[in-house]
Amino acid sequence: MTTATEISNRIIEAVMAQKLAPGSRLGEQQLAMLFDCSRTIVREALTRLSTRGIVTVSARRGWYVIEPSEDEAREAFEARRVIELGLLHQLKAVDKAAVRQLRSHLQREKAALAGSDVGARSFLLGDFHVCLAECLGNSLLADTLRDFTARTTLIAMLYQSSHDAAQSCADHVRIVEALEAGDIAQAEALMSEHIGSVQSALRLQASTDPLAGLRDALAPVRKTTAAAADTTAQPRQRKPRAASKSSTPKASDQDAAPADASTYLGALL
């Protein structure tokens with residue numbers, strides 16, 4: 001029977017491969033059927049992922065993959081920068097076995113770039129940072145980076161990152177080359193540049209405004225269409241009608257609306 005750990009690992013991998021988008025619903029019953037296990041095991045896996053900040057739960061709606069806010073996006077990249085640069089900063093040297101493992105990972109990255117499996121490519125590019133922590137002998141930070149990498153993958157999907165996959169791979173190659181040459185300071189500088197370029201490729205606002213969406217939606221409507229029509233088209237000339245004995249306007253005249261109002265109402269409908 002599938003364990004809760006295996007289920008949570010599969011979900012993390014799916015996120016890093018960009019196969020689970022932000023806001024995706026994770027139904028307990030469907031997952032139990034998929035993994036051939038009880039809903040109790042599924043709920044345990046999802047609860048673990050909730051504490052790791054990958055999924056969230058609503059009492060009425062169920063479990064969902066998180067949709068990070070812009071503030072959370074910035075915090076995630078700041079956390080990664082602190083962890084990864086700190087990991088390199090305290091490093092004295094990198095042994096040959098670690099370099100071989102990193103180069104093997106880079107070969108898989110390049111093969112994925114040349115192939116058509118977008119999921120594998122996305123996973124390997126994110127997993128490089130986890131692999132680096134493992135190669136440097138810190139499994140605790142590797143686990144932490146796996147969660148942060150999954151979060152930043154969701155952020156990249158949500159905020160339509162324009163960062164190029166080939167550029168990410170090239171950045172990784174330069175970092176490993178610096179480590180192999182024993183230039184730890186250069187590797188640290190390259191990592192800082194790499195994380196910064198990935199973050200800058202996100203379509204985030206310069207400053208957050210919690211009312212921005214509502215403010216834009218409720219801004220006064222400019223009736224430019226009606227105004228343009230008034231300047232380009234001449235109003236229809238009506239023949240004068242004989243004066244009625246009664247001064248009371250007809251019902252049709254009362255019901256008539258101004259041209260701009262009817263144009264606006266028609267746009268709404």
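Modeller: Two packed helices are described by the angle between their axes and the distance between the axes. In this predicted model, helix α1 (residues 4–16) packs against helix α7 (residues 139–158) at about 45°, and their axes are 8 Å apart. Axes are lines fitted to C-alpha atoms, for helices over the stretch in contact, with angles from 0 to 180 degrees between N-to-C directions. Helices are DSSP runs (H or I, at least four residues), numbered from the N terminus.

Modeller: Local features need pLDDT of at least 70 and side-chain atom pairs pLDDT 80 or more, whereas totals for chains, interfaces and linings use all residues. Residues are numbered from 1 along each chain as its sequence is written, and side-chain values use heavy atoms, without hydrogens and water.

Biologist: How do the axes of α4 and α9 cross?

Modeller: Helix α4 (residues 70–89) and helix α9 (residues 184–200) have axes that come within 9 Å and cross at roughly 170°. Therefore α4 is roughly antiparallel to α9.

Biologist: Is histidine 172 buried or exposed?

Modeller: Histidine 172 lies in helix α8 (residues 165–180). Its relative accessibility is 1%, so histidine 172 counts as buried (under 20% relative accessible area; exposed is over 50%, partly exposed in between, with a 1.4 Å probe and protein chains only).

Note on methods
Helix = DSSP H or I, 4+ residues; strand = E, 2+ residues; numbered from the N terminus. Parallel < 35°, antiparallel > 145°, perpendicular 65-115°, else oblique.
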